[in-house]
Amino acid sequence: MTENTTTHQWQASTVLQVSTEQIQDMLANAALGEAPAIELPAGTEIDVLTVNCRACMRLFEDAADEPCTPVPMP
Ligand SMILES: [Zn+2]
């Protein structure tokens with residue numbers, strides 16, 4: 001895949017509610033040196049709060065019709 005700096009890289013922000021059991025599984029995996037991850041059942045629907053670009057950090061509704069100007073990551 002070619003990196004095009006004027007193309008937005010959209011991502012959706014969401015809130016994921018987790019159970020204590022899922023957190024304990026996640027921490028157990030992290031303790032084993034694995035990346036912390038939460039497994040979701042198939043068909044899980046996730047509410048999207050906002051969509052923004054991970055390159056320029058602007059919201060979809062503000063930036064969708066303008067080229068992407070990536071901001072440097074700290
Ligand atoms: Zn962008």
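This is a predicted model: local features need pLDDT of at least 70, side-chain atom pairs count only at pLDDT 80 or more; totals for chains, interfaces and linings use all residues.

**Labels and their cut-offs**

Student: Why is Leu16 called exposed?
Tutor: Leu16 has 10 C-beta neighbours inside 10 Å. Residues are numbered from 1 along each chain as its sequence is written.

Student: Where does Leu16 lie?
Tutor: In the loop between β1 (10–14) and α1 (20–31). Helices (H or I, at least four residues) and strands (E, at least two) are DSSP runs, numbered from the N terminus. Leu16 also has its C-alpha 9.8 Å from that of Val48, 32 residues away along the chain.

Student: What makes Met73 exposed?
Tutor: Its count is 7 C-beta neighbours inside 10 Å, so Met73 gets the exposed label. Met73 sits in the segment after α2 (60–63), and its C-alpha is 9.6 Å from that of Cys56, 17 residues apart in sequence.

Student: Why does β1 lie largely in the open?
Tutor: Because the number buried among the five residues of β1 is zero. For the protein chain, 4% of the 74 residues count as buried.

Student: How do you know that β1 and β2 pair?
Tutor: Two strands pair if DSSP finds at least two bridges between them. β1 and β2 (residues 48–53) have five, in the antiparallel sense. Within that pairing, Trp10 stands opposite Cys53 in β2.

Student: How does the span of α1 compare with what is expected?
Tutor: The expected span of a helix is 1.5 Å times one less than its number of residues. α1 has twelve residues and reaches 16 Å from first C-alpha to last, close to the 16 Å expected. After α1 comes Gly33, with a positive phi near 90°.

Student: What radius of gyration does the protein chain have, against a compact globule?
Tutor: The radius is taken over C-alpha atoms, and the globule rule is 2.2 Å times the number of residues to the power 0.38. For 74 residues a compact globule would come out near 11 Å, but the protein chain has 17 Å. Its C-alpha trace spans about 45 × 25 × 25 Å along the principal axes.

Definitions and conventions:
A residue is buried if 20 or more other C-beta atoms lie within 10 Å of its own, exposed if 12 or fewer, and partly exposed in between; C-beta atoms are placed from the backbone.
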